[in-house]
Amino acid sequence: MADDRPYAVLDIDATLSDTSRRIHFVERKPKDWDSFFAHAKEDAVLDEGLAVATTLAAEHEIVYLTGRPERLRRDTVKWLKDNGFPDGKLYMRGNTDRRPSTMMKLGRLQRLAEQRPVAVLVDDDVKVIAAAEKAGYTVMRADWGLDAETQPTLFEAQESEGRT
């Protein structure tokens, strides 16, 4: 049976997963991206993110759109499954892709929208949210994932270094 429900697109880091225990790897210079990503499989679930994903899955096809590198696919799929997230397509950043998150994610949203409507994007990154909204997408800001102290570190990394 073909699924023709609209897409609900969800970010993972700091939207579904609690990155607070590994953010210290990218707060220092040089940033330790290998360790930051190596510990992603240990993230706790953000209850609000799981609730949003579960609710959206009732009426939408779930798409996970993350800035995590492709090399983490196996760990990411396992983490989503082990933590009870709905089934969905997973789009990840290429291992050598260093574009800002806004470019990477907006490009994927455009390609998804060519297949069927994108009903909503759920993301924690204010720049991604602003760009998606400007492009005409409905957005939900995941403001439950990071505290004010760690947010700037992750946002700066997403935009200037194209890493998450």
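This is a predicted model: local features need pLDDT of at least 70, side-chain atom pairs count only at pLDDT 80 or more; totals for chains, interfaces and linings use all residues.
Buried here means under 20% relative accessible area.

**View 1. Gly 67 sits in strand S4.** At 0% relative accessibility, Gly 67 falls under the cut-off, so this glycine counts as buried.

**View 2. Five strands build an open sheet.** Follow the order S5-S4-S1-S6-S7, and you will find that the pairing is parallel. S5 and S7 (139-141) are the edge strands, each pairing on one side only. From one strand to the next, the twist averages 20 degrees. As a reminder for this view, strands of a sheet pair through backbone hydrogen bonds, either parallel or antiparallel.

**View 3. Strand S4 (residues 61-69) pairs with S5 and also with strand S1.** Four bridges connect S4 to S5, and these two strands run parallel. Look for Pro 69, whose bridge partner in S5 is Arg 93. Strand S1 (residues 7-10) is likewise joined to S4 in the parallel sense, over four bridges. Here Tyr 7 has Glu 61 in S4 as its bridge partner.

**View 4. Strand S5 (residues 89-93) is largely enclosed by the rest of the structure.**

**View 5. A right-handed β-α-β unit brings together S4, helix H3 and S5.** The helix of this unit, H3, spans residues 73-82. H3 lies across both S4 and S5, and runs at about 140 degrees to S5. Elsewhere on the sheet, helix H5 (residues 126-134) packs so that it touches strand S6 (118-123) and S7. The direction of H5 makes about 160 degrees with that of S7.

**View 6. Trp 33 and Phe 37 form a stacked pair.** A search of the whole structure finds four aromatic pairs. In the pair shown here, the ring centres of Trp 33 and Phe 37 are 5.8 Å apart and the planes are at 25 degrees, so the two rings are stacked. Both residues belong to helix H1 (residues 33-38); because they are four residues apart there, about one helical turn separates them.

**View 7. Phe 36 joins Phe 37 in an edge-to-face pair.** The centres of the two rings lie 5.3 Å from each other, with 75 degrees between the planes. Phe 36 is buried, its relative accessible area being 0%. Taken together, ring pairs link Trp 33, Phe 36 and Phe 37 into a cluster. Which residue lies over the face of Phe 36? You will find Arg 22 there, at 4.3 Å from the ring centre.

How values were computed:
Residues are numbered from 1 along each chain as its sequence is written. Side-chain values use heavy atoms; hydrogens and water are left out. Buried means under 20% relative accessible area, exposed over 50%, partly exposed in between (1.4 Å probe, protein chains only). Two strands pair if DSSP finds at least two bridges between them. A crossover is right-handed if, with the strands pointing away from the viewer, the path from the first strand over the helix to the second runs clockwise. Rings of Phe, Tyr and Trp (its six-membered ring) pair if their centres lie within 6.5 Å; planes under 30 degrees apart count as stacked, over 60 as edge-to-face and the rest as tilted. A charge sits over a ring if NZ of Lys or CZ of Arg is within 6 Å of the ring centre and within 35 degrees of the ring normal. Axes are lines fitted to C-alpha atoms, for helices over the stretch in contact, and angles run from 0 to 180 degrees between N-to-C directions. Contact means heavy atoms within 4.5 Å.
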